[in-house]
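This report walks through a two-part model, part by part.

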Amino acid sequence: MKPSSAILIKQGRLIDPANQLDAVKDIYIENGLIIAIDDHIDQAKNSAVQEIDAKGLIIMPGIIDLCARLREPGLEHKATIRSETIAASKAGITTLCCPPDTDPVIDEKSVVDLINHGVKHAGHSHIVCLGAMTSKLKGEHLSEMAALKAAGCVGISNASQPITNTLVLRRALEYARSHDLTVFIEPNEPYLSNHGCAHEGAVATRLGLPGIPDAAESTIIARDLELVAAIGARVHFGRLSSARSIALIQQAQQQGLKVSADVAIHQLFLTEMDLSTYNSHCHVLPPFRELRDRDILRQAVASGVVQAICSDHQPHEEDAKLHPFPATEPGISGLDTLLPLTFKLVTENILDWSQAVTALTSAPAKILGIDKGHLSIGACADLAIINPNKDWTLETTKMKSQGKNTPFLGWNFENQVVHTIISGQLIK
Amino acid sequence: MVNKNARATNPLLGQDHWNIQLDENGRLKHFLTIEGLGSEILTEILDTAENFTGVNNRTVKKVPLLRGKTITNLFFEASTRTRTTFELAAKRLSADVLNINISTSATSKGESLLDTLYNLQAMQTDMFVIRHQDSGAAHFAARHVAPHISVLNAGDGRHAHPTQAMLDLLTIRQNKGHDFSALRVAIVGDILHSRVARSQIHALNTLNTGEIRVVAPRTLLPANIEKLGVKVHYNLQQGIQDADVIIMLRLQKERMQGAMLPSELEYYQQYGLTSQTLKYAKPDAIVMHPGPINRGVEIESCVADGEQSVILDQVSNGIAVRMAIMSMTLGTSAQQTGDEK
């Protein structure tokens with residue numbers, strides 16, 4: 001990404017919770033950096049400056065998405081670095097965090113280099129990678145975490161692959177702590193999940209779908225928290241789905257453990273009820289749970305027990321969802337809807353603007369340990385400009401991701417991304 | 001009478017889950033699940049089936065109702081009884097029948113269900129009878145086939161086996177009369193994996209059955225089963241106490257793996273229906289089983305073959321019920337084509 005010429009954004013409502021700022025300001029960008037923020041900035045001295053009139057618009061730091069599968073390398077028929085970073089760049093998302101379950105797995109430096117090479121040539125947004133916690137994600141041997149960190153990985157994770165051997169997990173946490181690496185965990189006890197595809201409850205019983213109990217998530221969190229308490233590692237639990245999990249995380253945080261959490265945005269809207277018509281677009285893992293779980297997840301974001309909201313982006317080709325429900329591939333293409341859905345929570349008075357922006361920007365930046373997610377002078381100019389009063393309806397033709405698999409088709413939204421600026425470059 | 005309004009007030013019934021079963025006139029178009037079908041339609045099926053039992057007892061067991069129609073039996077799971085009775089039903093209605101056993105056919109070569117359906121559709125099939133290992137497969141098929149084609153669910157995963165439920169209702173009605181509200185029905189065994197039990201529960205509730213009980217250890221019961229409108233019993237004697245109808249379910253051998261149950265012996269001792277345990281039910285209780293039965297696992301031989309057993313009546317009724325449903329669904333579409341012309 002080349003730094004473009006200067007941009008002056010006039011009179012937008014700047015929401016930058018990291019700097020406790022929510023006010024109408026001008027913002028001046030040059031050489032990829034934020035140069036000035038003030039009540040009024042004149043551009044008289046330079047006519048090459050591109051001016052954007054942002055009256056009535058919201059300006060916020062670019063979104064940092066904690067979990068987005070780009071499908072490259074390995075599953076390029078679903079999506080590519082190019083297609084998904086373009087989609088991100090149209091959706092206000094300026095940094096994507098890629099979990100290590102690519103093919104090949106990100107368990108050695110060469111794969112990180114491969115992805116970085118792809119980003120350099122075809123990337124339209126920033127990408128950071130998580131390295132594999134264990135070799136090939138098999139949960140048996142530790143990966144070369146120090147080398148992965150040196151190659152640029154911002155943390156380690158076993159992605160959706162569970163580590164059933166608790167001794168391996170203990171050593172991975174100890175080793176990660178020795179190298180000051182955050183461990184990202186998607187909690188799932190595979191014996192309890194038992195190849196299920198829906199929340200174990202009344203709806204799955206009625207539809208005859210193999211169920212996944214919420215204990216499949218919370219037993220792993222309980223186990224892992226005991227190790228965190230003993231080792232002092234820094235752990236992030238991602239894609240939580242159940243009320244029980246929230247209770248455990250909250251308790252751990254109250255005890256002073258270094259534990260953070262995120263939730264996928266679709267978990268804040270949909271429940272098991274949405275599976276009633278065998279809608280395969282609602283096949284996600286962890287599964288949509290009960291209304292009560294959804295409401296407690298929402299409260300947890302508002303109270304800060306869950307710090308971040310991510311897309312859990314999993315683009316698929318059309319065929320992946322054209323089977324009977326249990327045979328379809330799980331996952332939702334989420335980049336296009338991350339921002340409009342999150343701001344719907346503001347409209348519904350679940351979050352205020354500052355909370356919503358924090359959960360999408362400064363909170364995930366802090367979890368990843370990267371210097372982003374704020375609009376400070378001298379910071380990299382990654383930001384999104386939003387029209388908060390634009391009614392629109394999601395249709396596949398409007399989606400920029402290569403994957404059109406979403407249960408939100410036909411939903412109405414009030415907030416729309418007008419511009420994304422990445423490293424000072426205006427995305428057209 | 002907890003069950004009376006179980007269906008009407010059940011908030012778990014999704015909106016258009018079943019509506020694709022009915023055409024714009026409210027007539028049966030597909031037969032995918034009992035859910036969403038009113039007691040009128042269920043009664044119509046039973047009455048029509050009752051008429052067809054006459055045909056089945058004649059020397060010439062054939063009526064020309066579906067002459068010229070092609071019915072494709074598409075079985076992705078092994079089946080003897082269900083497939084055979086569907087085939088006989090179609091033949092007695094004078095339809096042409098195509099039997100396709102997919103476990104030895106296309107999908108082992110990697111063809112998707114959708115491609116299989118489209119290919120057979122191109123051969124001018126009028127009806128698919130589908131059995132598939134995945135819950136929701138029949139709904140999936142009904143959503144994707146051409147509008148003139150009817151889909152009959154012959155069992156999808158753990159979800160539904162609605163023709164089995166209808167033949168069970170017919171058998172109960174023949175033995176216990178038309179008023180289901182006076183009946184106490186106990187369904188015993190592996191409810192968790194049973195599409196038969198789910199369809200029976202919906203069907204019995206739709207006909208206002210007085211009390212429906214499910215009897216099994218917790219490992220064989222799905223979560224929140226009571227929300228379907230049943231009472232849960234862990235104890236066989238209590239579960240069949242004063243029952244009018246006992247429906248025993250088949251216990252698959254593979255349930256002994258995966259820690260569902262300790263052993264066949266213990267299951268038989270706790271949940272097997274024997275001449276001793278049968279005494280807890282009403283003296284005139286009938287014993288049913290969707291088959292195939294495991295003698296000495298869920299049911300004692302002398303009970304399966306005993307006076308109270310109506311297991312073979314169920315099999316005969318299977319043909320009549322399937323004839324009724326086939327003629328009702330295809331009759332509807334035949335009428336529509338006539339109107340267009």
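A residue is buried if 20 or more other C-beta atoms lie within 10 Å of its own, exposed if 12 or fewer, and partly exposed in between, with C-beta atoms placed from the backbone. By that count, 48% of the 341 residues of chain B are buried. For chain A, the figure is 57% of 428 residues.

The model is predicted: local features need pLDDT of at least 70, side-chain atom pairs count only at pLDDT 80 or more, and totals for chains, interfaces and linings use all residues. Residues are numbered from 1 along each chain as its sequence is written, while chains are lettered from A and ligands numbered from 1 in the order in which they are written.

**The two chains**

Helices (H or I, at least four residues) and strands (E, at least two) are DSSP runs, numbered from the N terminus.

Chain B has 20 Å, which agrees with the value near 20 Å for a compact globule of 341 residues.

Two residues are in contact if their C-beta atoms, placed from the backbone, lie within 7 Å. Take the contacts in chain A with a separation of 6 or more: 76% join residues 24 or more positions apart. In chain B, the share is 76% on that count.

**Domains of chain A**

Domain bounds come from an automatic or database domain assignment. In chain A, domain 1 covers 7-59 + 380-427 and domain 2 covers 62-368. Their C-alpha centres lie 26 Å apart. Where they meet, 27 residues of domain 1 of chain A contact 38 residues of domain 2 of chain A. On the domain 1 side, strand S16 (383-387) and strand S19 (416-422) of chain A each supply at least two residues. S19(A) gives the largest share, 4 residues. This side of domain 1 of chain A holds 14 nonpolar, 8 polar and 5 charged residues. Here Ala, Val, Leu, Ile, Met, Phe, Trp, Tyr, Cys and Pro count as nonpolar, Asp, Glu, Lys and Arg as charged, and the others, Gly among them, as polar.

**Where the chains meet**

Chain B brings 26 residues to the contact and chain A brings 20 residues. From chain B, helix H3 (113-121), helix H4 (137-144) and helix H6 (195-206) each supply at least two residues. H4(B) gives the most, with 3 residues. The chain B side divides into 10 nonpolar, 10 polar and 6 charged residues.

**Nonpolar cores**

A nonpolar core is a set of buried Ala, Val, Leu, Ile, Met, Phe, Trp, Tyr and Cys residues joined through C-beta atoms within 7 Å. The largest has 113 residues, and B:Phe128, B:Ala141, B:Val151, B:Val188, B:Ile246 and B:Met326 touch the most other members. Helix H10 (residues 311-340) of chain B provides the largest share of this core, 9 residues. Leaving aside neighbours within four places in sequence, B:Ile246 contacts residues including B:Ala186, B:Val188, B:Leu273 and B:Met288. A second, separate core of 108 residues includes A:Ile34, A:Met60, A:Ile93 and A:Val259.

Methods: The radius of gyration is taken over C-alpha atoms; the globule rule is 2.2 Å times the number of residues to the power 0.38.
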